[in-house]
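Q: Please take a close look at the aromatic rings in this model and at how they relate to the helices around them. A plain account will do.

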Amino acid sequence: MTTPSTIKVVPARYPMRAVGAIVALFVLAIVIQSVAFNPRWEWGVFARWFFDPVILEGLAQTLLLTLIGTVLSVIIGGVLALARLSSSWLLNALAWGYIWLFRSLPLIVVLIVLYNFSYLYDTLSLGIPFTAITWGSYETINVLGQFSTAVVGLTLVQSAYTAEIIRGGFLGVDHGQYEAAAALGLPAWRRIVRIILPQALRTILPAGFNEIISLAKGTAMVYVLAMPELFYTIQMIYNRTQEVIPLLMVGAAWYLTITSFLSLIQHLVERWLARSERRSAINQQSPARIVSGPPALQTQEAVHASVP
């Protein structure tokens, strides 16, 4: 009688991984040494300006522009996405034209045109077109100031990208879900909010947060309006002090902080949405364990009964 031989499991070795890790650490050490110990980076100036009240005021303007632009672009982009998915050819064409226009124009061009809008139109009126009926008239120069121009410009451009992201998320949901939701007899808005949207969010969120991060960095473009947001404030300071590199590093550090915070929020939201998938996986496994027992017992009883 032979004894079974034991199998020794030897983990696979990947020497090139170790070589790559050593090279990467070596390059990282060179970069850290060249940045941390080079006096021309002027880290003392960086530390002096990092929490300066003027810098923090510009940071607050950047955060406010990002927040308002995000909220408005989600609302307008959602309406545009629904119009693109509508069976009405007119709504579809108008939404497509808006998206085509503002995805084609650079943000800086939109901001400059809006800032000079009072040259084209002295007043902005609300009324019925082609009639003399108006409910209100306002001077353009009073309506479109620096902050309002920045908000409108960022929202107009960002809404076009957000609309396509939301539309892509809705198109990613299986068409059978739409049919099943309609078969339940739910109103259209409840079908979208309760059934379609939660499934589309898994596709919308990664690209959507990328656009929010791009919007946070894109607020630097409003420097053309001479608005004291973060980048314009830093630009004004280093034009006066000639300390260009350390002040640019202050801006870079704050932008890194903003984008890292947004990335953390994205991770938490995606993790929260993934709870439903984990629950469904657990619910699918638990009945299988309960049902798998009795058939085996029935098979054994049948086999024993057939033996004479």
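**Aromatic pairs and a helix crossing**

A: In this predicted model, F50 has a relative accessibility of 13%, under the 20% limit, and is therefore buried. F51 has a relative accessible area of 57%, over the 50% limit, so F51 is exposed. The count of aromatic pairs comes to 10. One of them joins F50 and F51: the ring centres are 4.8 Å apart and the planes stand at 90°, which is over 60 degrees, so the pair is edge-to-face. F117 and Y121 also form an aromatic pair, with 5.2 Å from centre to centre and 40° between the planes, and this pair is tilted. Y121 is partly exposed, at 46% relative accessibility.

F50 and F51 also belong to a cluster linked by ring pairs, together with W41, W43, F46 and W254.

Helix α12 covers residues 244-273 and helix α3 covers residues 53-85. Their axes come within 12 Å and cross at roughly 40°. The crossing is right-handed. On the α12 side, W254 takes part in the contact with V250, Y255 and I258. On the α3 side, the residues that meet them are I55, L56, L59, T62 and L63.

Another ring has a charge over it: the charged end of R17 sits over the ring of Y14, 4.0 Å from the ring centre.

Methods:
Residues are numbered from 1 along each chain as its sequence is written. This is a predicted model: local features need pLDDT of at least 70, side-chain atom pairs count only at pLDDT 80 or more; totals for chains, interfaces and linings use all residues. Side-chain values use heavy atoms; hydrogens and water are left out. Rings of Phe, Tyr and Trp (its six-membered ring) pair if their centres lie within 6.5 Å; planes under 30 degrees apart count as stacked, over 60 as edge-to-face and the rest as tilted. Buried means under 20% relative accessible area, exposed over 50%, partly exposed in between (1.4 Å probe, protein chains only). A charge sits over a ring if NZ of Lys or CZ of Arg is within 6 Å of the ring centre and within 35 degrees of the ring normal. Axes are lines fitted to C-alpha atoms, for helices over the stretch in contact, and angles run from 0 to 180 degrees between N-to-C directions. Helices (H or I, at least four residues) and strands (E, at least two) are DSSP runs, numbered from the N terminus. A crossing is left-handed if the near helix is turned anticlockwise from the far one by less than a right angle, and right-handed if clockwise. Contact means heavy atoms within 4.5 Å.
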